[in-house]
Amino acid sequence: MITSVKGTRDLLPPETRVFTRVEAIAKDVFALYGYDEIRTPHLEQTELFVRSVGESSDIVHKEMYSFTTRGGQNVTLRPENTAGVARAYIEHGMAQSGFARKLYYVGAQFRYERPQEGRYREFRQIGAEALGPADPATDADLLVMLFDFLSRLGFAGLAVALNSVGTEACRPAYVEALRAYLAPHAGKLGEDDRRRLTQNPLRVLDTKDPALAELIAGAPRMLDLLDEESRAHHEELLGYLEAAGIPYRIEPRLVRGLDYYTRTVFEVTAGGLGAQDAILGGGRYDRLVSDLGGPKVAGIGFAIGEDRLVKAVPDEFRRAAIESVNAVALVALEKADRADALALAAELRRAGIAVDLDATGRGPGHGLKAAEKRGARVAVLLGGRERETGSVVVKELATRRQTIVPRTELAAALSEGRKGS
Ligand code: AMP
């Protein structure tokens with residue numbers, strides 16, 4: 001037997017219905033905020049991620065699916081989508097309009113991580129990027145959009161963990177302070193964290209080693225070393241969030257695992273997900289576009305882990321999403337009923353009723369059992385007798401209630417039943 005590749009998974013119905021519903025709501029909400037969809041390739045030049053996500057990040061250091069093409073080009077399956085969006089923004093001269101470009105994406109990302117519950121090698125992200133404006137009101141608008149989306153999925157009680165990582169004007173001093181603080185404790189650090197300490201001490205704050213919690217808790221805070229402009233940006237943002245009623249908490253050691261962030265960074269976690277409880281992360285990246293050879297254009301965005309989001313959605317949303325696709329099972333009782341059943345199915349579908357046709361013609365017992373198995377709420381049975389009388393049997397599968405309905409009234413009766421449920 002050939003199985004799926006380790007760390008990848010098949011999304012099956014009815015779970016796929018939850019994914020579809022989540023994506024539909026994301027698209028609706030993002031459109032309300034002026035965001036348009038972008039689709040970038042899954043495959044990018046490796047250099048793109050090295051120069052944006054950064055060599056010291058875990059992603060570039062050890063998690064990329066990179067290979068050389070037959071033509072000798074070094075390419076990578078995208079581990080995240082912001083770099084691809086920034087590349088496309090530059091490549092298509094989108095900055096030239098002089099206006100903000102607000103873009104969202106939905107798609108698969110690839111990281112060679114150790115698979116575990118909630119962590120996959122192929123996973124999906126829903127993300128949004130606002131390219132152009134550098135002002136804190138744009139940060140607030142993005143976070144308001146995010147919470148609007150999450151609350152439409154039924155989430156309550158989520159809060160955004162927020163920090164500022166400053167800019168190149170003040171971060172070097174912080175990095176040095178952090179290095180000086182951590183250096184005497186280098187002996188306590190594992191191999192990965194020791195590498196981070198030399199390459200980029202900020203990364204040590206992201207350590208996965210629980211034994212370092214106390215050390216990290218005592219580390220200097222970036223917020224204490226922000227320069228005037230970054231501090232003003234941060235404080236203005238907090239004011240807007242309070243005015244908009246967005247719940248947040250300051251998380252002074254939040255740095256996020258990617259190198260391109262400046263100023264605002266944030267993360268949202270949800271309960272019930274176990275160790276992998278971050279459902280989304282994001283931040284401002286005012287140098288990313290210029291670092292990639294584009295114009296000096298600011299940006300901010302977030303990426304939601306769709307797999308984790310779907311796992312965490314409230315039960316009510318999940319149930320509604322699953323039940324939203326509820327076809328009527330139309331059963332042709334005998335082979336002789338097939339043509340008639342096809343015609344009736346077409347009639348109902350024209351009236352907007354979803355019909356799952358069962359034309360196997362294996363009798364009522366088999367037809368009803370199959371309808372139940374496929375999750376139908378209502379079965380419509382069509383047999384010899386019904387053909388003669390121009391009627392059908394409508395059976396509610398949960399209650400077993402059965403009525404005889406004239407064919408001419410069937411579409412109306414089924415639409416009525418749907419409204420009542
Ligand atoms: P990042 O791009 O690392 O900021 O991640 C953003 C979000 O993507 C995280 O909060 C997770 O929800 C999700 N995510 C990241 N890596 C994985 C993974 N390997 N498997 C599933 N979800 C992931």
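**Notebook: the sheet and its strands**

I began with Leu43 and found that its bridge partner in β4 is Leu77. My strands are DSSP runs of E, at least two residues long, numbered from the N terminus, and two of them count as paired if DSSP finds at least two bridges between them.

A note to myself on the source: this is a predicted model, where local features need pLDDT of at least 70 and side-chain atom pairs count only at pLDDT 80 or more, while totals for chains, interfaces and linings use all residues. Residues are numbered from 1 along each chain as its sequence is written, and side-chain values use heavy atoms, with hydrogens and water left out.

Next I looked up β2 (residues 43-45), which pairs with β4 (residues 74-77) in the antiparallel sense over 3 bridges.

Then I turned to β3 (residues 65-68), which is joined to β4 by 4 bridges, again antiparallel. Here I saw Ser66 opposite Thr76 of β4, and Phe67 has Val75 as its bridge partner in β4.

What links β3 and β4? They form a hairpin with 5 residues between them, and I noted that Gly72 in the turn has a positive phi of about 90°.

In which order do the strands lie? I read β2-β4-β3, an open sheet of 3 strands with antiparallel pairing. β2 and β3 stand at the edges with a single partner strand each, so one side of each has no neighbour in the sheet. From one strand to the next, the twist averages 35° (axes are lines fitted to C-alpha atoms, with angles from 0 to 180 degrees between N-to-C directions).
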